[in-house]
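Please open the structure in your viewer and keep the selection panel at hand. The stops below are meant to be taken in order.

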Amino acid sequence: MSASSWFTLRWNEGAVELLDQTRLPEEEHYLRLDQVEDLAQAIERLSVRGAPAIGVAAAMGVALGAFNSMADGAEALRSELETEVIPRLRATRPTAVNLFWALDRMQARLREDSGPAKSGADAVRERLLEEAQKILSEDIQTCHQIGQAGLEVVEAGARILTHCNAGALATAGYGTALGVVRAAREAGLGVSVLADETRPLLQGARLTAWELQRDQIPVRVCTDNMAASMMQGGQVDMVVVGADRIAANGDVVNKIGTYGVAVLAQAHGIPFYVAAPLSTIDRSVASGAEIPIEVRDREEVARIGNRVVLPEGVEVEQPAFDVTPCRLVTGIVTEAGVLRAPYESAIVAAFQDS
Ligand code: MRU
């Protein structure tokens, strides 16, 4: 589908190439980044964003750091990556756990002792690139599995409300929430999407609408404050969103505004599903209250595009994410199937089976 005409990110001859999401939908511009610092800044300014996609980007950043390093021994290379490259990438964004999950995987591969024949710096470089490529291809495969699992909960003709962008742009391809939509379309279920515009950075309007339109999947956009009346008017059959981090008890951290949508869905008796890979579940945090919420720059609220929409000197609130309590979640669609409450035990079982 989408992968044929555009891509979110890839490794190409010593550099990470990615579609600059800050410029969509006006411009389809690919960045070619061959320095770790440039990649770190691209993650920070959301040129690449969405939990799984930043995990893949960070993994590629480690490979980039390895190939750029002048270290000629495996030990020197390991130390450089562990003291400079990995900490820099870890510091880019605090909430999406896939970033840390991917970096931990890279670090484990880095530390692997693969015997004297393979202990040179070049062998380490090769195996890091191989691991980053594996994280990317597994992510696409996992999204397809999430899509298939989601078929269990999608009815023919469903009008699906989503918030932010949990699509191909937020992953290595296909998407999580939009993976469910794509799978449903491929299964002939004739579903359509209602995308919340998702202020302040408009991921719903700019990104979700863009990628669905590219795939000829019916999509309409509503402003965030319209969701309640759309539900009241019977125009929403279900909600499917992504997640940046899910706690051990099933609380979901996702783009700011998700909690409000979940409350509205409950008030209107509309099922509220979260679609995410198991790598988004952080079993080390007991509940959503323990998950760090990124606070972003005032300017993102104070401006819409180039237009200043706030009087100078007025303060803003700018948390990038919120916590949806697990009691509002109808189900969590993962590659291991649809998890249902009580989430604590469902999550433990899903990890045991995986
Ligand atoms: O700040 P962003 O654009 O990175 O936030 C992204 C989201 O909140 C997504 O819904 C989430 O990462 C899931 S992506 C499959």
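The tour goes to the ligand, then to its surroundings, and then to some backbone features.

This is a predicted model, in which local features need pLDDT of at least 70 and side-chain atom pairs count only at pLDDT 80 or more, while totals for chains, interfaces and linings use all residues. Residues are numbered from 1 along each chain as its sequence is written, and side-chain values use heavy atoms, with hydrogens and water left out.

Next, display the polar contacts, which are pairs of N or O atoms within 3.5 Å. A polar side-chain atom of N254 lies 2.6 Å from a ligand oxygen atom, a polar side-chain atom of R49 lies 2.8 Å from a ligand oxygen atom, and a polar backbone atom of G50 is 3.0 Å from an oxygen atom of the ligand. Taken alone the ligand exposes 420 Å², of which the protein buries 99% (Shrake-Rupley method, 1.4 Å probe).

Now colour by element, with helices (H or I, at least four residues) and strands (E, at least two) taken as DSSP runs numbered from the N terminus.

Move on to P200, in the loop between strand 5 (192–196) and helix 7 (203–214), where a cis peptide bond joins R199 and P200 with omega about 5°. Another cis peptide bond joins A341 and P342, with omega about 0°, and P342 is found in the loop between strand 16 (337–339) and helix 11 (343–353).

Definitions and conventions. A polar contact is a pair of N or O atoms within 3.5 Å; within protein, one must be able to donate a hydrogen and the other to accept it, and residues adjacent in sequence count only if both atoms are side-chain atoms.
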